[in-house]
Structures are given as C-alpha cells and as structure tokens.
Amino acid sequence: GCAETPSAGIGAAGLSAKDCAKFSSLMADPKFETLGRWGSVWRYSQHAGNRSFATTVEDGRINFSRIDDEPWGIVSQKITDPLLSGRTIRYSADLKGDVSDLVTHGFGAKSGLYLRYGQGRATSVAEHEPNVGQWDWQRVALEVRVPEGFDQIKVGFVYQGGEGVLSARAPKVELLECLP
C-alpha cells in the first residue's frame, strides 16, 4: 500500500552512505607511495628462490616486471572490514601490459589483478581479459562474493608471464551494493 519503496542501491542494500564512504576509503596507498618502504601496506611475495620480479613506482603507477626465473610474483595488501562478510565486492584498476606468453613453468602465462577471499585458497588470479600480450591502459575489474563470516580480503597484482612489464594505477575496492 502506502509504504515507501526502498530506492535501488544503498537504501535497498541496508548500507548507509556513511558505510559506503568508509568502505571506499579502505584501499590504502592507491598511488603506491610507500611500496618497498618499512611499514608499507603493500607486500611482495613470490613462488620461491631469489627475487625474480622488480617493482618500481612512477607518477602513481606501479611497474611490475620479471627479472629472474621464478614463475610468479604478487604485490598485495590486506583489507579487513566487517562489511565484507557475505557481500559482493568489485576490485578494479587501470592496467597496461606488455606480457610475453613464453613461459617455462606450468602455471600458464597471465598477469593482472589478484584477489584472495574466503576460506582456503579462494583466489582470482588475472581472471580477466586482457591478461597477456600487449595492451594500452584500460580499466579491468574482478567481482566476487565474500562468504559469510569472512571479513578480510587480499588485493593486488600478479605477474606470471614471460618477459615484459605490467603497469597498474588507481586500484579501487568497492561494495557492489554501494554502486549506483
């Protein structure tokens, strides 16, 4: 009858504009200014062995490139918030690639967005196009539903290709319920 119909988006999702604004600010250091410094939110990891990937920062973008033999490297940060539990998130960034598909490992050649969520090894590794070859700047996104009871994700970038470089800028994590 006379009841007000909830509007699409924030009202219908039960999240306030304040909740959405707070969540959108959880991505720390999106210009990679602290990368490589003590206390940085950005962490580097790789398969094993000696450091096999270089990271440089220039004008608010990270350049991630292969310098040795290990199959993959990751630069990521952890985001923790109770609003993650049971919600769908979108992780996005502008990517530019020059990533060779010639690899000597069995993981497959790809590079791009990295997103880990939920129990065990629920991980999205460059599950988007493009993720190998050459491409100019474009916005790329991954969307996943974080299982109930989990309040933490890891977001970042993976390099698993052959020779080349992956560049990224303007990473962003959003709750789908907060988008217009």
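## Close-up views of a predicted model

View 1. The largest nonpolar core holds 36 residues, and I89, L95, L115, I153 and F157 are the ones touching the most other members. A nonpolar core here is a set of buried Ala, Val, Leu, Ile, Met, Phe, Trp, Tyr and Cys residues joined through side-chain atoms within 4.5 Å; buried means under 20% relative accessible area, exposed over 50%, and partly exposed in between, with a 1.4 Å probe and protein chains only. At least two core residues come from each of α2 (17–24), β3 (61–66), β4 (73–80), β5 (88–99), β6 (111–117), β8 (133–145), β9 (152–159) and β10 (164–175). The biggest giver is β5, with 5 residues. A separate core of 5 residues lies apart from this one, and I74, Y114, V125 and A126 are among its members. Helices (H or I, at least four residues) and strands (E, at least two) are DSSP runs, numbered from the N terminus.

A word on the model behind all these views: it is predicted, so local features need pLDDT of at least 70 and side-chain atom pairs count only at pLDDT 80 or more, while totals for chains, interfaces and linings use all residues. Residues are numbered from 1 along each chain as its sequence is written, and side-chain values use heavy atoms, with hydrogens and water left out.

**View 2. An open sheet of 5 strands.** Read across, the order is β1-β4-β9-β6-β7, and the pairing is antiparallel. Strands count as paired if DSSP finds at least two bridges between them. The edges belong to β1 (43–46) and β7 (123–125); each has a single partner strand, so one side of each is left without a neighbour in the sheet. From one strand to the next the twist averages 20°, taken from axes that are lines fitted to C-alpha atoms, with angles running from 0 to 180 degrees between N-to-C directions.

**View 3. The hairpin of β2 and β3.** Strand β2 (residues 53–58) runs antiparallel to β3, and 6 bridges join the two. One spot to look for is A54, whose bridge partner in β3 is S65. The hairpin has 2 residues between its strands, and D59 takes a positive phi near 50°. Look as well for the salt bridge between R61 and E58, whose closest N and O atoms are 3.5 Å apart; a salt bridge means a side-chain nitrogen of Lys or Arg within 4 Å of a carboxyl oxygen of Asp or Glu. Both ends are partly exposed, R61 at 23% relative accessible area and E58 at 41%.

**View 4. Salt bridges that reach across the sequence.** The model has 8 salt bridges by this rule. In one of them, R90 and E143 meet at 2.7 Å, N to O. R90 is in strand β5 and E143 in strand β8, so this pair ties together parts that are 53 residues apart in sequence. R169 and D94 make another, at 3.4 Å, N to O. Here R169 belongs to strand β10 and D94 to strand β5, so the parts tied together are 75 residues apart in sequence. R169 is partly exposed at 32% relative accessibility, whereas D94 is buried at 16%.

**View 5. The largest pocket, about 240 Å³ in volume.** Its lining is made of W72, I74, F107, Y114, R116, R121, T123, V125, V158 and Q160. Both β6 and β7 supply at least two of the lining residues. On a 1 Å grid over the protein atoms alone, a pocket is an open set of points where a 1.4 Å probe fits, with protein on both sides within 12 Å along at least five of seven lines, and lining residues have an atom within 4 Å of a point. The volume is the space filled by probe spheres set on the points, which are joined across faces, edges and corners.

View 6. Most residues other than glycine have a negative phi, and most peptide bonds are trans. In the loop between β7 and β8, A126 has a positive phi near 50° and is buried at 1% relative accessibility. P130 is found in that loop too, and a cis peptide bond with omega of about -10° joins E129 to P130. D29, in the loop between α2 and β1, also has a positive phi near 50°, and D29 counts as buried at 14% relative accessibility.
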